[in-house]
Amino acid sequence: MKTPAVKLAPSRFPNEISEVEVKRDVSKCINCGTCAKVCPFGVHERKAGYNRISKPLSYLCISTSCEDKPFYCVNHCPRKALSLDINHDYITIGDYRWTRDLIIGTWKQAETGIPLKGRRYEIGNSGGGFDRIFFNFPESDGNREKGIGNKDHNSHAFEDEDISTEIDLNKREGKKLCINVPFYGGGMSFGSVSLSVMLARAKAARAWGTFTCTGEGGYPEELKEYDDNVITQVATGLFGVMEDTIQRVKIVEFKYAQGAKPGLGGHLLGDKVTPEVARMREAVLGSSLFSPFPFHSVYSVEDHKKHVDWIKELNPDAIVSVKVSTPTDVDMVAVGSYYAGANIIHLDGSYGGTGAAPDIAKKNIAMPIEYAIPKVHEFLKEQGVRDDGHRKWWNKNSP
Ligand code: SF4
Ligand code: SF4
């Protein structure tokens, strides 16, 4: 079969949304052309063969940051025909977290590869987002003496060794694994993102002493040198699942559901199934790929155990992570997974999700993670298996 050429898709919008609209009052304008001469950004233009100045290309305007510049067109117009006004498209986009500046800056950078200078490419209103961690220390006499306490997050009176951001990933018997920071890179599949993005994530995971997950699209060869920091995922579509990879890596993740769209599975648009993606996923070039929901081989804890056993048979040292969304009975799911032999229960709360996740699902189905974690924690404690070794339980209860 002839491999079709990969064509770059044009931008979805002819022009980016600008902050301001450059207005020209045609009843005052005498088409002198001064504005076209002074503006260095090509907003005003007199096309060859035309007497009249064209409609201003507002998306090229650097907006109010031009006001004190010698070339500010509004000051140069002899008829006071020019003005800058807020662009109403601009004020309708964004929200408190994802501000319009952040969206426009990200958009521009995606189109050009160049970050905009200044506030646009920064952090929105997150106050640092995930770049900052606050520690909530229990108040105690000892802590108070050291200057540590809830009321004083920013105190530096404590010693560095008082704090550890490490997390043990496996509290059961078997291989111990620890990450240096309390986060990891969630699954983003090959196809949904490019190889460059996957490599960048793997490099960052190594630098942070944590992991990144491949998602469900397979494990490109180029990630091999990052095996110690990359999780391979087995999802319902089984796209690109290779026993060879499972035998090499430290963590294998089963994805049963995604918090952004529980009950909906996955969808990779046909346009994204390029020759490389099709090869990796063992799929047909250009055809949309669907991951079903649920795993059609798993309808009970026993079925789930067969999955976990399969991985442990292939790689006895592997840490098996089980990613589930957060339905109201997530606590029961977690206990079932514990008895199936999982090492990590990965709770994926609502929110998140990419463009492929329907908006109605993203924020309306699964339980927010803030509720799910205490619910699971309490139930595991109640069942006597929180932080307890499975083997210990098995020895005690087996005939
Ligand atoms: S400088 Fe003013 S009058 Fe001259 S073309 Fe531009 S808008 Fe019209
Ligand atoms: S405000 Fe500045 S950038 Fe915008 S059109 Fe006028 S001269 Fe050009």
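Helices (H or I, at least four residues) and strands (E, at least two) are DSSP runs, numbered from the N terminus. The model is predicted: local features need pLDDT of at least 70, side-chain atom pairs count only at pLDDT 80 or more, and totals for chains, interfaces and linings use all residues. Residues are numbered from 1 along each chain as its sequence is written, while chains are lettered from A and ligands numbered from 1 in the order in which they are written.

- Y72 sits in the loop that joins α1 (34-38) and α2 (73-76).
- Between the C-alpha atoms of Y72 and V38, 34 residues apart along the chain, the separation is 7.4 Å.
- Apart from neighbours within four places in sequence, Y72 has contacts with C66 and E67 (C-beta atoms, placed from the backbone, within 7 Å).
- Y72 is also one of the residues around ligand 2, which include C39, C61, C66 and C73 (C-beta atom, placed from the backbone, within 6 Å of the ligand).

**Helix α9**
- Helix α9 (residues 301-314) has 14 residues and spans 20 Å from first C-alpha to last, close to the 20 Å expected (1.5 Å times one less than the number of residues).
- H304, H307 and I311 are buried in α9.
- They lie on the same side of α9 because they cover an arc of only 55 degrees around the axis, taken from the directions from the helix axis to the C-beta atoms.
- E302, K306 and E313 are exposed on the other side of α9.
- The buried residues of α9 pack against α7 (243-248), β7 (251-255), β10 (319-325) and α10 (330-340).

Terms used
Contact = placed C-beta atoms within 7 Å. Buried ≥ 20, exposed ≤ 12 C-beta atoms within 10 Å, placed from the backbone.
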